[in-house]
Amino acid sequence: MGTMRYIIQRLFYGLILVCGVVILNFFLIHAAPGDVAEVIAGEMGGITEEMMAEIRAQYGLDKPVIVQLGLYLGQVLQGNLGVSYHFDRPVTDLIWQKAGATILLALSAQVIAMVVGVTLGVLSSRKPQGILSGFVSVFSTVGYAAPVFWTGLMLVILFSVVIPIFPVEGMVSARFRGSSFDYILNVAHHLVLPASTLAILFLAQYARLSRAAMIEVLGADYVRTARAKGLGEWRVTFHHALRNAVLPILTIAGIQFGNLISGALLVETVFNWPGMGRLAFDSVLRRDFPTLLGVLFFASLVVVIANLLTDLSYRLADPRIRTGGR
Amino acid sequence: MLMKRRTLFGAIASVVALSVGIATAEPRSGGELVFVSGETPRHMNPAVQSGVATAIPGTQLFASPLRVDENWDLHPYLAEAWEWSDDGLSLTLNLVDNAVFHDGVPVTSSDVAFSIMTIKANHPFQTMFGPVEAVDTPDAHTAVIRLSQPHPALLLALTGALCPIIPEHIYGDGQAVRDHPANNAPIGSGPFQLAEYRPGEQITLERFDDFFIDGRPYLDRVIYRIVGDAASVTLSLESGDADIGIVADASSITRLGGVDGLTVTPQGFEGIGPIQWIAFNTRVEPMNDVRVRQAIAYATDTDFILNALMRGVASAQTSPIIASSPLSDPNMVTYPLDLDRANALLDEAGHPRGDDGTRFTLTMETVPGRDAALGNIPEYLRSQLREVGINVELRASPDFPTWAGHLASGDFQMSMDIVFNWGDPVIGVHRTYLSSNIREVIWSNTQGYENERVDELLDMAGRELDTDARASLYQEFQQIVGEELPVYWINALPYHHAFDDRLGNPPLTIWGMMQSLDQVYWTEDR
């Protein structure tokens with residue numbers, strides 16, 4: 001199948017998937033008890049029945065759910081994700097404002113996890129019974145088993161109480177005033193703990209996977225041939241073996257992207273990172289349906305695109321896939 | 001109560017300084033103040049949105065006609081003088097003549113009239129300006145508020161976040177004020193103007209140079225920093241990332257009390273008057289029997305709740321009006337722990353013990369997200385009420401709307417609840433006890449309580465301008481509800497301000513942070 005045709009087909013499937021996600025989310029969210037009028041009543045210390053009715057009418061909550069869904073889908077098709085009940089501003093504005101923080105966090109964690117994880121995996125694969133290999137195995141098991149919010153809380157305690165060297169909330173200091181370069185440093189300083197927390201989970205998986213893949217590949221005939229030709233060990237490991245072991249790592253990177261985003265949502269809540277996760281979490285509690293639906297829509301879109309890019313990257317990494325195995 | 005560890009002399013000096021509401025050093029200009037909060041405001045216009053989260057930035061952006069100090073005494077603000085008519089049916093406000101909004105437009109009496117009528121039409125506290133018929137504007141700096149009946153709560157309703165003066169030239173454009181775009185980019189006449197707003201993250205306010213009080217505000221900047229939860233508030237204060245914040249749980253209060261350079265005090269919440277109580281649905285069996293409600297009160301050890309569960313940080317509350325209010329009755333009937341009396345009342349009410357020792361089963365609602373911080377009172381009551389043969393089943397709602405739905409629809413027997421007085425009983429107390437306010441919305445008379453004499457007393461107290469006569473009416477009201485217990489008051493919520501010691505004139509009036517910070521300053525460089 002030609003690459004372009006393949007992309008179009010995948011985009012079509014992706015579109016159907018995203019539509020399904022939107023409809024499912026819509027019904028799930030509307031099945032929750034209570035609505036925004038009650039939340040606003042709570043925030044305001046009580047309001048009149050008339051005001052509650054006005055709020056419900058203002059947000060269309062007095063209409064049947066199926067009508068609300070129709071109106072919502074109509075809006076989405078026009079690129080309008082509605083207006084946040086809580087912030088009284090367009091959801092797309094809020095998402096664009098918060099998406100950068102989430103993407104920064106997710107990509108930073110992904111890079112840390114892949115670079116450190118694969119490096120550890122490759123190094124430990126060279127001596128499968130060695131100390132480093134044992135360490136990687138233990139670290140991987142613990143890192144994978146520990147819930148991400150627990151890891152985050154432990155890091156908060158460690159770096160706020162025991163060794164207070166990293167900020168534990170927010171993306172930029174409240175008092176920050178300075179140049180763009182200072183701003184980058186300030187954000188990087190705030191990014192260390194949340195990105196590390198998220199990376200630990202995935203780092204463990206990459207380390208385990210790359211270790212297993214490398215052990216298998218290092219025993220292959222062509223690696224033995226490369227060594228017999230007198231190539232250096234580093235060249236054999238990183239050029240010949242790693243290149244052939246990288247496919248399962250790429251597969252996992254793509255599949256895990258959805259998990260990475262959902263992990264980011266949890267980490268944002270722990271570290272008060274001002275991204276979409278924090279926004280989604282607060283929106284659930286506030287019954288801010290348009291915002292929550294918007295975040296879920298955006299997240300599903302990102303996951304679909306990430307999976308598509310992963311599939312395309314296979315085709316680049318392994319010509320057999322591109323040629324249909326001929 | 002000051003929690004900070006310090007020398008005896010230092011503690012005494014601080015108590016004296018706080019009690020007289022003055023700073024110990026000359027005011028200095030400059031610096032910024034970071035307030036940390038776990039609450040996210042919907043927007044910044046308190047004219048159409050109540051609640052602490054909106055009130056704190058809102059009172060920096062918008063000035064009000066009057067302000068109030070820590071002794072409940074009123075002071076001029078936008079109104080330099082005020083005068084009641086002899087019949088108590090009109091109040092004349094004389095406005096300062098040099099006040100301007102942040103866009104340079106002068107503040108006039110028509111802005112005052114527009115604001116009061118907007119608040120009356122849109123604010124959830126309908127009783128605040130309920131009796132206001134109109135606001136006359138004989139000249140640009142005189143506003144006459146005309147009333148249908150005397151309204152003793154009016155002066156307090158003109159203070160702080162209850163009466164922000166909003167610009168008519170912006171909000172009077174025909175759009176609904178409740179969701180007006182200017183609510184997210186407000187123009188007021190307060191001491192600070194909006195510099196940056198990142199929803200859910202931070203509000204940065206900068207000094208308004210043309211503020212109508214010379215030399216004020218002292219601070220260059222006020223930052224409202226929004227963090228995720230109470231633990232993050234505590235961490236921010238402890239680390240010095242924030243200068244002032246509000247904490248309400250025993251562990252945070254105790255922890256911050258031990259931090260050098262921080263003062264932790266319960267002062268500054270007299271206005272909102274937050275009361276925690278057990279609400280009884282008086283329309284359903286067996287809660288419709290006053291003896292059952294009294295038996296539960298006698299079986300509840302409030303000393304244990306205050307000292308063990310809440311670790312001594314909360315104060316007792318025995319009446320519907322917050323104990324720090326001059327209208328609170330100090331001689332309320334009380335219900336000390338007395339299991340024999342509780343058992344006798346339950347026997348008398350026709351609820352004998354069954355073979356397993358149980359008289360009946362009650363369902364108790366818990367306020368989501370609050371109980372861990374406030375001592376898990378429902379868990380305690382479950383074991384304690386078993387002592388008198390009442391089996392309590394807890395119903396924990398996952399979130400606020402679910403819990404609020406149960407109470408509003410009357411689908412409950414007993415629930416923990418937290419309700420604010422909001423300064424004057426007319427605003428925050430009447431709503432719980434008036435039979436005319438039995439409605440399907442949260443924090444109305446969801447208990448379904450009806451007593452004709454109570455209705456009569458509250459109606460009279462809501463019209464009485466004489467303070468002593470009013471106090472007497474409220475005293476009788478408090479005695480009646482103290483006997484009939486539509487709710488059982490446990491404690492004042494342990495809200496505490498925690499702030500940097502170097503802060504001069506900290507915001508500790510009855511409205512705390514919900515009033516202009518123009519008088520706050522740093523005594524030394526931060």
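1. Two strands pair if DSSP finds at least two bridges between them; helices (H or I, at least four residues) and strands (E, at least two) are DSSP runs, numbered from the N terminus. In this predicted model, local features need pLDDT of at least 70 and side-chain atom pairs count only at pLDDT 80 or more, while totals for chains, interfaces and linings use all residues. Residues are numbered from 1 along each chain as its sequence is written, chains are lettered from A and ligands numbered from 1 in the order in which they are written, and side-chain values use heavy atoms, with hydrogens and water left out.

2. Chain B has an open sheet of six strands in the order 14-18-13-17-15-16, with mixed pairing. Its edge strands, each pairing on one side only, are strand 14 (315–316) and strand 16 (390–396) of chain B. Within chain B, strand 13 (residues 274–280) and strand 18 (residues 487–492) run antiparallel and are joined by five bridges. Opposite I278(B) stands Y488(B), in strand 18 of chain B.

3. Strand 12 (residues 262–265) of chain B is covered on both faces: L262(B) and V264(B) on one side, T263(B) and T265(B) on the other, are all buried. Buried means under 20% relative accessible area, exposed over 50%, and partly exposed in between (1.4 Å probe, protein chains only). Strand 12 of chain B runs antiparallel to strand 19 (residues 496–500) of chain B, and four bridges join them. In strand 19 of chain B, F499(B) is the residue opposite T263(B).

4. Helix 8 (residues 290–299) of chain B is largely enclosed by the rest of the structure, because eight of its ten residues are buried. Among them are R293(B), Q294(B) and Y298(B). The N-terminal end of helix 8 of chain B is capped by D289(B), with a side-chain oxygen 2.8 Å from the backbone nitrogen of R291(B).

5. The whole structure holds 27 aromatic pairs over all chains. F420(B) and W422(B) form a tilted one, at 5.8 Å centre to centre and 55° between the planes. Rings of Phe, Tyr and Trp (its six-membered ring) pair if their centres lie within 6.5 Å; planes under 30 degrees apart count as stacked, over 60 as edge-to-face and the rest as tilted.

6. In chain A, T291(A) lies in helix 12 (residues 289–317) and is buried, because its relative accessible area is 0%. The side chains of T291(A) and D288(A) are joined by a polar contact of 2.9 Å; such a contact is a pair of N or O atoms within 3.5 Å, and within protein one must be able to donate a hydrogen and the other to accept it, while residues adjacent in sequence count only if both atoms are side-chain atoms.

7. H30(A) lies in helix 1 (residues 3–31) of chain A. H30(A) counts as buried because its relative accessibility is 19%. A polar atom of the H30(A) side chain lies 2.9 Å from the backbone oxygen of F26(A).
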